[in-house]
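This briefing covers charged pairs, surface, aromatic contacts and model confidence for the structure shown below. The points are grouped by topic.

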Amino acid sequence: HLAERLPRAPALRRVLRDGDTLAFDVEAGYYSGGAASGASFERVQAGLVPASIGDVYEEYRAYAFNDEDRGDWLIKAADAMHLVADQEGRAHGSLPVAFLARGDTDAALPAFGRIPVTVEAKLSDRESTTSNTAEALYARYPRYVGLKVEPNWIDAGSPVKLEGVVVTAEG
């Protein structure tokens with residue numbers, strides 16, 4: 001049986017912008033041990049999931065950012081990617097950070113989001129296995145403005161406190 005390992009999440013956990021390259025490494029081996037040289041890596045799935053700065057960076061969770069769910073997006077050319085493992089069962093892939101709308105949408109890209117990536121490994125006509133999800137971050141802008149309002153529920157007799165924050169895409 002083939003055991004697909006990685007894409008290496010630490011290599012993906014960076015903030016990407018339009019025009020950058022999403023680079024990743026995959027590795028396949030056998031459950032019984034040894035590298036799966038010549039294994040085929042296909043069905044690369046990479047998309048864009050809208051996210052809030054506060055969801056990604058916990059210290060800003062109390063702030064509201066302009067978080068609109070803006071459609072469903074795929075990385076162009078991901079589904080056509082095909083890689084072959086070297087002697088050590090490894091392959092390197094890269095895709096340009098350029099998105100294609102899935103379905104009918106005229107929505108703009110989200111301001112910030114997550115790019116989950118999975119890869120399927122297969123030996124010729126045998127069964128395949130899919131990797132765990134590795135993730136990169138996507139940012140359209142270098143900085144984001146958040147607003148915190150206290151108290152959460154405003155009534156006529158309570159003072160209102162507003163606090164703003166400017167956060168870089170890297171947190």
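In this predicted model, glutamate 163 and lysine 148 form a salt bridge whose closest N and O atoms are 3.8 Å apart. The two partners sit in distant parts of the chain, with glutamate 163 in strand E13 (residues 161-168) and lysine 148 in strand E12 (residues 143-150), 15 residues apart. Lys148, Glu150 and Glu163 belong to one network, joined by salt bridges that share partners.

- Lysine 148 counts as buried because its relative accessible area is 17%, and the cut-off for buried is under 20%.
- Glutamate 150 is partly exposed, at a relative accessible area of 36%.
- Glutamate 163 is likewise partly exposed, with a value of 28%.
- Leaving aside residues up to four places away in sequence, lysine 148 touches Ala62, Tyr63, Lys161, Leu162 and Glu163.

**Other salt bridges**

- The structure holds six salt bridges.
- One of them pairs glutamate 27 with arginine 90, and the closest N and O atoms are 3.7 Å apart.
- Glutamate 27 lies in strand E3 (residues 21-30) and arginine 90 in strand E7 (residues 90-96), so this pair ties together parts that are 63 residues apart in sequence.
- Glutamate 27 counts as buried, at 11% relative accessibility, whereas arginine 90 counts as partly exposed, at 38%.
- As a general point, side chains of opposite charge can pair when their charged atoms come close.

**Arginine 70**

- Arginine 70 is located in the loop between helix H2 (53-56) and strand E5 (73-75).
- With 22% relative accessibility, arginine 70 counts as partly exposed.
- Its contacts, not counting residues up to four places away in sequence, are Pro50, Ala107, Ala108, Leu109 and Pro110.
- The C-alpha atoms of arginine 70 and alanine 101 are 10.0 Å apart in space, while the two residues are 31 residues apart in sequence.

**Aromatic pairs**

- Five aromatic pairs are found in a search of the whole structure.
- Among them, tyrosine 57 and phenylalanine 112 form a tilted pair, with 6.4 Å centre to centre and 50° between the planes.
- Tyrosine 57 lies in the loop between H2 and E5 and phenylalanine 112 in strand E9 (residues 112-122), so the pair ties together parts that are 55 residues apart in sequence.
- Tyrosine 57 and phenylalanine 112 are both buried.
- A cluster of Tyr57, Phe112, Tyr141 and Tyr144 is linked by ring pairs.

**Surface**

- The protein chain exposes about 9,600 Å², of which carbon and sulfur atoms supply 49%.
- Leu147, Ile154, Val160 and Leu162 make a nonpolar surface patch of about 360 Å².
- Isoleucine 154 counts as partly exposed, at 46% relative accessibility.

**Overall make-up**

- The protein chain contains two helices and 13 strands.
- Of the 171 residues in the chain, 39% are buried.
- Among contacts in the chain with a separation of 6 or more, 71% are between residues 24 or more positions apart.

**Confidence**

- The average pLDDT of the protein chain is 83, and 88% of the residues score at least 70.
- The pLDDT is below 50 over residues 1-11, a stretch that has 48 contacts in the model beyond near neighbours in sequence.
- Where pLDDT is low, the predicted coordinates should not be read in detail.

Key:
Residues numbered from 1 in each chain as written. Predicted model: local features only at pLDDT ≥ 70, side-chain atom pairs only at ≥ 80, totals over all residues. Heavy atoms only, no water. Salt bridge = Lys/Arg side-chain N within 4 Å of Asp/Glu carboxyl O. Helix = DSSP H or I, 4+ residues; strand = E, 2+ residues; numbered from the N terminus. Buried < 20%, exposed > 50% of the residue type's maximum accessible area, 1.4 Å probe, protein only. Contact = heavy atoms within 4.5 Å. Areas by Shrake-Rupley, 256 points an atom, 1.4 Å probe, with all protein chains shown as cover. pLDDT = per-residue confidence, 0-100. Patch = residues over 30% accessible without salt bridge, like charges linked within 9 Å, V, L, I, M, F, W, Y side chains within 5 Å. Phe/Tyr/Trp six-rings, centres within 6.5 Å; stacked < 30°, edge-to-face > 60°.
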